[in-house]
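Visitor: Hi! Could you walk me through the ring contacts in this protein?
Guide: Happy to, let's have a look together.

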Amino acid sequence: MPLEPGETAPLFSLPGAGGETISLETLRGHKIVLYFYPKDDTSGCTLEAQGFNAQSEAFAEAGARVIGVSPDSVKSHDKFRAKYGLTFPLASDETKSMLEAYGVWVEKSMYGRKYMGVERTTLLIDREGRIARIWRKVKVPGHVEEVLEAVRALP
């Protein structure tokens, strides 16, 4: 069952790039931009990460923390962050349990072939841990700006 705005965001604790642990519980009191992407160092995912990175100061000024999540390994995240100078955390969910809890690990289809993968999705979580907004099947151009606008509008 997909998550909806107003619901409490499922708690998670995942390994992150740089050896850190990323936990929703420790981020309470902050607005959280949680974005799910399919794969490190692919064209769309790189553009999205670069967009969030370019606006990282604006997100911080608006009181938000940005976290990227994919099923890639921590080692892959470390390379991805280093290659593009990413300054925000990337969480690794190789077991896909958090991706499933958030409803973003879905059946996809390309050229008639069905497979499981991450549906590019962004959630805005308020300071109390409730989902304020969800963007599903994200198209990268203009997305970061739209999310930043929503963050600024959230108390």
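Guide: Let's begin with Y35: at 0% relative accessibility it counts as buried, where buried means under 20% relative accessible area with a 1.4 Å probe, protein chains only. This is a predicted model, in which local features need pLDDT of at least 70 and side-chain atom pairs pLDDT 80 or more, while totals for chains, interfaces and linings use all residues. Residues are numbered from 1 along each chain as its sequence is written, and side-chain values use heavy atoms, leaving out hydrogens and water.

Visitor: How many aromatic pairs are there?
Guide: The structure holds 8. Rings of Phe, Tyr and Trp (its six-membered ring) pair if their centres lie within 6.5 Å; planes under 30 degrees apart count as stacked, over 60 as edge-to-face and the rest as tilted.

Visitor: Why is the pair of Y35 and F52 stacked?
Guide: Their planes are at 25 degrees, so the pair is stacked, with the ring centres 4.6 Å apart.

Visitor: And is F52 buried or exposed?
Guide: F52 is buried, at 0% relative accessibility.

Visitor: What about Y37 and F80?
Guide: That aromatic pair is tilted, with 35 degrees between the planes and 6.2 Å centre to centre. Y37 is buried at 0% relative accessibility, and F80 is buried too, with a relative accessible area of 2%.

Visitor: Which residues do ring pairs link into a cluster?
Guide: The cluster is made of Y35, Y37, F52, F59, F80, Y84 and F88.

Visitor: New topic: what lies over the face of W105?
Guide: K96 does, at 5.2 Å from the ring centre. A charge sits over a ring if NZ of Lys or CZ of Arg is within 6 Å of the ring centre and within 35 degrees of the ring normal.

Key
Buried means under 20% relative accessible area, exposed over 50%, partly exposed in between (1.4 Å probe, protein chains only).
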